[in-house]
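I opened my notebook for a first look at a new structure. Come along and see what I looked up.

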Amino acid sequence: FLVSKGNHRHFMEKEIHEQPEVISHTLANYLDFSKGMIRAGAAPVDFSKVDRIAASACGTAYYAGLVGKYWFEHIARLPVDIDVASEFRYREMPLSKNSLALFVSQSGETADTLASLRYCKQQGLSIGTIVNVKESTMARESNTVFPTLAGPEVGVASTKAFTCQLSVLASLAVAAGKMRGTITDEEERRLVRELSEIPRYATQALKLEAQIEGISRELSQVKHVLYLGRGTSYPLALEGALKLKEISYIHAEGYAAGELKHGPIALIDESMPVIVIAPHDRWFEKTISNMQEAAARGGKIILITDEKGAAASTLKTWHTIVLPEMPEVITPIVYTLPIQMLAYHTAVFMGTDVDQPRNLAKSVTVE
Ligand code: G6P
């Protein structure tokens, strides 16, 4: 296929900017915006009969699944076991017949994810796959395909596929909540309305690009970066660190904010930027207190928050990136955009090959 970069310097930049549109297409496949309901037939799995989800994926798709775990457990009260596919495939995890095996993959060809899928199939489980390439091997071998409509993703570091995977996972968690009776019709309407607002908030997030580019210029001078988050922002901390190391080659680590004192705090000094992902949600106060611990050791704080969070935090940060306030359920999707832009612009300042980072492949079809 032939895809052009248009006016963009890199495919990655183009794909970051496409997100409001492709998220909107993806959501429309699952949600009926006019009725404020999950689209009939969009989730052809009887979640009321599922007692556990066994999920696995690799790389960025794994972090999408990790956010999905929080949503399924909170909205649908459905437990999710999730693991990287290279571990899952050899773990011989006890699986019950009422488990749904769920895989997440942009390409639908990643060797370890495919092997995990085949293992679950052998065990007699029903297979659901969230996949971007409809003609892929995983799509063919699944009982249920949940498409992401991100369009072809060329940049090796995944961006738009990730936010589309999250959009599908959030929609499925709402569908599951409905079928399992853990949310009311009114809550379904509210959640569907909130999800429908993602493209608008994503467009607003893109407007922060000039500020983020300025921060990235400074970030490109450092050797190590720590990312912290709690709740659904925890997988985002992992994804932020992955994105930065993949394309800028700067060493980065993502941590659950509460784990700071169990190790990474020892690394913090005046040369260590700490990126704190903290929307003003139910985890905010706790995350901010971890941020203060990092700041007290000299860490240079980059706080990504919303207007309410910025007002509530009295600490003088190195930089604060302020998003509009938004419903809690959509924060992991919208907050991904500043995190991607930060990695992208840092890599551009470093002069790396952003779309084709060294040693990495778009699709890893060997073990
Ligand atoms: C590679 C890519 C990543 C991707 C991962 C999983 O490592 O560089 O961007 O997240 O594979 O790929 P998949 O196609 O299964 O989502």
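Which residues of the largest nonpolar core touch the most other members? I kept in mind that this is a predicted model. I found that this core holds 120 residues, and that L169, A173, L228, V276, I277 and V334 touch the most other members. Helix α7, residues 160-180, gives the core its largest share, with 12 residues.

Next I picked out L228. Leaving aside residues up to four places away in sequence, L228 touches A237, Y255, A257, L260, V274, V276, I277, T287 and N290.

Then I turned to the sheet. I traced 5 strands in an open sheet, ordered β4-β3-β5-β6-β7, with parallel pairing. β4 (80-84) and β7 (144-147) each have a single partner strand because they stand at the edges, so one side of each is left without a neighbour in the sheet. Neighbouring strands here are turned by 20 degrees against each other on average, direction ignored.

I also checked one pair of strands. Strand β3 (residues 52-57) runs parallel to strand β5 (residues 99-105), and 5 bridges join them. R52 has S99 as its bridge partner in β5.

Back to helix α7: I saw that α7 lies across β5, β6 (126-131) and β7, and runs at about 140 degrees to β6.

My last entry is on the ligand. Which residues around the ligand come nearest? Of the 16 residues there, I noted G59, T60, S105, S107 and T110. Helix α3, residues 59-75, supplies the largest share of this shell, 3 residues. By type, I listed 6 nonpolar, 9 polar and 1 charged in the shell.

Terms used:
Residues numbered from 1 in each chain as written. Predicted model: local features only at pLDDT ≥ 70, side-chain atom pairs only at ≥ 80, totals over all residues. Core = buried A, V, L, I, M, F, W, Y, C linked by C-beta atoms within 7 Å. Buried ≥ 20, exposed ≤ 12 C-beta atoms within 10 Å, placed from the backbone. Helix = DSSP H or I, 4+ residues; strand = E, 2+ residues; numbered from the N terminus. Contact = placed C-beta atoms within 7 Å. Near = placed C-beta within 6 Å. Nonpolar A, V, L, I, M, F, W, Y, C, P; charged D, E, K, R; others polar. Pairing = 2+ DSSP bridges. Axes fitted to C-alpha atoms, helices over the stretch in contact; angles between N-to-C directions.
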